[in-house]
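Q: Could you go through this one with me? I'd like to take it piece by piece.

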Amino acid sequence: MKIPTLAVRAATLADIPDISNLMLLSARELTKDDYPAEAIESALQCGAWGIDTQLIRDETYYLVFVEKVLAACGGWSFRRTLFGGESSPDDTVLDPAMDAARIRAFFVHPCFARRGLGALLLRCCENAGRIAGFRAFELAATAGGERLYGANGYCAVQPIDHDVGNGLTMRGLLMRKRLSRSPEVTTGPQISTGNTTVVATPTP
Ligand SMILES: CC(C)(COP(=O)(O)OP(=O)(O)OC[C@H]1O[C@@H](n2cnc3c(N)ncnc32)[C@H](O)[C@@H]1OP(=O)(O)O)[C@@H](O)C(=O)NCCC(=O)NCCS
């Protein structure tokens, strides 16, 4: 049996065109049952969904490759911006002792949906945030994201209605998770990330 190779690495600015294509595909296909097509296009146009290059510069935005095909992207941030591309950045650095780190911009290729890549990225982000000292995470979830994050211990805080232009509003959900004190159990397969090795842990 041929086992597909899986690799996770931090994104670089050179990856932006590929990330952009993945976001478009993912948003259009995987959110179409939750939002009207006009709202999806407006969210992409206005930058509510888009690339925040600050995350790439901070090396907190990750790419997952399956057989060298870009299959998923997503990241975390120690800065205040909760969601969106470059349109509304607040680069204020958060205090791990007081603030929740952010989970940002998860997009899975439709061909790889429901294969655990979203959960894998989430675990990478939480573990990296934990190493940086954070004990809580917050995010603005789409309807699809709500299902992923809800299955991974995130609780609803309050709805967020975001104006995406053209008289349209997109409803998201502010969600939060407090990490347990003990590190995640790391018994999963090891994944090469270039200079480092990430251990993929199974979803609890
Ligand atoms: C949301 C998204 C990132 C989920 O990625 P994914 O790789 O398909 O999620 P996973 O396979 O890791 O799912 C893990 C678990 O989350 C839950 N889950 C994820 N997507 C779900 C869905 N569409 N319906 C129901 N449960 C879902 C399930 O419990 C799932 O476990 P299971 O498949 O064993 O039942 C993906 O659908 C996506 O890219 N959507 C478009 C962009 C988007 O909305 N991003 C979120 C921004 S907040």
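**Working through the model**

A: Let me start at D161, which counts as exposed because it has 9 C-beta neighbours inside 10 Å; a residue is called exposed if 12 or fewer other C-beta atoms lie within 10 Å of its own, buried if 20 or more do, and partly exposed in between, with C-beta atoms placed from the backbone. This is a predicted model, in which local features need pLDDT of at least 70 and side-chain atom pairs count only at pLDDT 80 or more, whereas totals for chains, interfaces and linings use all residues. Residues are numbered from 1 along each chain as its sequence is written.

Q: Where is D161 found, and which residues is it in contact with?
A: D161 is found in strand β6, and, leaving aside neighbours within four places in sequence, it is in contact with T169 and R171, a contact being two C-beta atoms, placed from the backbone, within 7 Å. The C-alpha atoms of D161 and L173, which are twelve residues apart along the chain, are separated by 8.3 Å. Helices here are DSSP runs of H or I with at least four residues and strands are runs of E with at least two, numbered from the N terminus.

Q: Which residues of α2 are buried?
A: In α2 (residues 37-46) the buried residues are A39, I40, S42, A43 and C46. They lie on the same side of α2, because they cover an arc of only 165° around the axis, where the arc is that of the directions from the helix axis to the C-beta atoms. The face turned away from that buried side carries the exposed residues A37 and E38.

Q: And what do the buried ones pack against?
A: The buried residues of α2 pack against α1, β6 and β7. Just after α2, G47 takes a positive phi of about 90°.

Q: Which residues are buried in α1, then?
A: In α1 these are I19, L22, S26 and A27, and they are on the same side of the helix because their arc around the axis is only 120°. On the other side of α1, P17 and N21 are exposed, while the buried residues pack against α2, β3 (69-77) and β4.

Q: Which residues touch the most other members of the largest nonpolar core?
A: Of its 47 residues, those are A43, Y62, V64, A72, C73, F107 and L121; a nonpolar core is a set of buried Ala, Val, Leu, Ile, Met, Phe, Trp, Tyr and Cys residues joined through C-beta atoms within 7 Å. Not counting residues up to four places away in sequence, A72 touches V64, F107, V108, H109, F112, L117, G118 and L121.

Q: Changing topic, how many residues surround the ligand?
A: There are 21 residues around the ligand, and the closest are G118, A119, T142, G145 and A151; a residue is taken as near if its C-beta atom, placed from the backbone, lies within 6 Å. The helices α1 (16-30), α4 (117-131) and α5 (143-150) and the strand β4 (101-108) each supply at least two residues of the shell, and the largest share, four residues, comes from α5.
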